[in-house]
Amino acid sequence: MITAAFRNLGARTLAALGGVGRAHLLMFRLLAGLLRVLAQPRYIIQQLYAVGVLSLVIIVVSGLFVGMVLALQGYYTLVDFGAAESVGVLVALSLLRELGPVVTALLFAGRAGSSLTAEVGLMKATEQLSSMEMMAVDPELRVIAPRFLACVVAVPLLAGIFSLVGIYGGYLVSVGLIGLDGGAYWGNMQSAVSFSDDVLNGVIKSVVFGIVVGWIALYKGYEAVPTSEGVSRATTHGVVHASLAVLGLDFLLTALMFD
Amino acid sequence: MQSTRTMELWVGVFVALGLGAMFLLALEVSGLAEFRDRPSYEVTAHFDNVGGLREKAPVNMAGVRVGQVKAIELDAQSYRARVVLGLDSRFDRIPADSTAAIYTSGLLGEQYVSLDPGWEEDYLAAGDQITSTQSAVVLERILGQFLYSLGDD
């Protein structure tokens with residue numbers, strides 16, 4: 001009874017560690033084959049369309065509403081202190097430092113990451129990956145690597161669009177709806193937001209999130225149990241693990257970047 | 001599946017949008033644009049105490065923004081704070097004997113430098129120094145003076 005419990009614990013730990021190890025090995029092989037993948041940008045462009053362009057709608061709409069809500073809530077709080085002019089600062093800093101990279105990565109994990117996991121998992125279940133190997137095509141370089149690179153490129157771009165749309169959404173609410181001074185909105189923002197501290201750190205964050213989300217989504221698909229149940233479970237796990245990783249890493253990166 | 005050309009077009013639009021967003025964030029939002037399209041000239045002012053003044057704080061005259069604080073450093077000889085003010089070149093007719101004071105906007109607001117015009121015919125130019133300054137109000141010091149004056153009675 002007790003031995004069985006310990007054995008169970010040990011087996012689970014080994015399985016988890018093995019998963020982490022295989023994920024890292026996959027990453028090393030991707031990095032080793034990077035140049036060969038870059039030599040054929042056609043595949044990356046295809047994937048950039050699937051994960052980037054097709055995610056634009058949800059990113060733009062969410063960014064707009066997040067910015068609008070931030071401005072509204074910020075105004076309600078700041079107006080009590082007579083600092084309503086600082087609402088632009090609040091919107092811009094919240095979006096650039098946190099919400100832009102994080103919400104984009106979470107939405108991306110749900111919108112694009114899940115479809116990547118399902119796609120690769122299904123390829124495995126229908127034995128497309130093994131037939132590629134049969135034809136001497138490396139599925140890691142032909143299937144996984146272009147999708148991974150597309151994620152790394154797409155997430156920072158999407159996060160930039162998210163933040164910009166959000167800031168204009170905040171402008172719509174605070175200047176158009178509430179009637180604050182537009183010059184104060186931009187002026188206070190420009191004097192408080194620094195390029196190297198806020199904009200650049202946000203971009204670095206979203207690059208890291210792009211790597212993590214793409215990596216987890218593709219690894220889950222690649223390692224999926226080749227049954228319909230296995231693929232569906234891999235998809236769920238992919239989104240959950242990617243979201244948790246993004247939130248955890250966000251804390252670490254914030255602690256490192258903004259002292 | 002769409003044709004490769006349409007797909008490439010959309011990817012191109014997407015990448016351009018993303019890069020454009022980052023460019024706009026850099027210029028419009030973080031105020032890098034101020035260095036780009038607004039020529040300015042620098043004057044210095046020495047303060048006994050700058051309080052919580054920070055770089056990039058606004059420089060106002062009659063409540064209108066005329067520039068921003070470029071740098072704050074300690075003058076090793078006089079132990080006073082040397083503040084470099086970047087004044088907008090549009091405002092090139094500020095009397096040379098103007099005074100600079102550090103005020104706080106509102107109860108909780110940020111600190112800013114306020115310029116009060118003097119009467120001189122000469123105008124401030126790049127590299128000039130504003131001699132007449134008024135330091136930031138340090139709350140602890142006022143409280144100290146207040147308590148001290150109470151003790152006199």
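Predicted model: local features only at pLDDT ≥ 70, side-chain atom pairs only at ≥ 80, totals over all residues.
**Entry 1: salt bridges**

I began with charged pairs, since side chains of opposite charge can pair when their charged atoms come close. My search of the whole structure, over all chains, returned ten salt bridges.

I looked up A:Glu98 and A:Lys205, whose side chains meet in a salt bridge with N to O at 2.9 Å. A:Glu98 belongs to helix α5 (residues 87–125) of chain A and A:Lys205 to helix α9 of chain A, so this pair ties together parts that lie 107 residues apart in sequence.

The next pair I noted was A:Arg147 and A:Glu119, which form a salt bridge whose closest N and O atoms are 2.8 Å apart. Because A:Arg147 lies in helix α7 (residues 139–177) of chain A and A:Glu119 in helix α5 of chain A, the pair ties together parts that are 28 residues apart in sequence. Here A:Arg147 counts as buried at 5% relative accessibility, while A:Glu119 counts as partly exposed at 33%.

I also wrote down the salt bridge between A:Glu229 and A:Arg233, with the closest N and O atoms 2.8 Å apart. These two residues are four residues apart in helix α10 of chain A, and about one helical turn separates A:Glu229 from A:Arg233. A:Arg233 is partly exposed, its relative accessible area being 46%.

**Entry 2: helix α7 of chain A**

I compared the span of α7(A) with what its residue count predicts: at 1.5 Å a residue, its 39 residues should span 57 Å, and the end C-alpha atoms are 53 Å apart, which agrees. Where does α7(A) have a kink? I found a kink of about 35° at A:Ala145, shortly before the proline A:Pro146. Of the 39 residues of α7(A), 31 are buried, so this helix is largely enclosed by the rest of the structure.

**Entry 3: the cavity**

Searching the whole structure for cavities of 30 Å³ or more, I found one, and the largest cavity has a volume of about 80 Å³. Its lining includes A:Pro101, A:Pro156, A:Gly160 and A:Val203, together with B:Met22 and B:Leu25. I noted that α5, α7 and α9 of chain A and α1 (4–29) of chain B each supply at least two residues of this lining. How many residues of each class line the largest cavity? I listed eight nonpolar, four polar and no charged residues.

**Entry 4: the second largest pocket**

My last entry concerns the second largest pocket, whose volume is about 660 Å³. It is lined by 20 residues, and those that lie nearest its centre are A:Gly19, A:Tyr219, A:Lys220, A:His237 and A:His241. In chain A, α1 (2–32), α9 (195–222) and α10 (228–257) each supply at least two residues of the lining of this pocket, and α1(A) gives the most, with seven residues. By class, I recorded eleven nonpolar, five polar and four charged residues in the lining of the second largest pocket.

Terms used: Residues numbered from 1 in each chain as written. Chains lettered and ligands numbered in written order. Heavy atoms only, no water. 1 Å grid on protein atoms, 1.4 Å probe; cavity = no way out; pocket = protein on both sides within 12 Å on 5 of 7 lines; lining within 4 Å. Points joined across faces, edges and corners; volume = space filled by probe spheres on them. Nonpolar A, V, L, I, M, F, W, Y, C, P; charged D, E, K, R; others polar. Salt bridge = Lys/Arg side-chain N within 4 Å of Asp/Glu carboxyl O. Buried < 20%, exposed > 50% of the residue type's maximum accessible area, 1.4 Å probe, protein only. Expected span 1.5 Å × (residues − 1). Bend = angle between axes of the 7 residues up to and from the residue.
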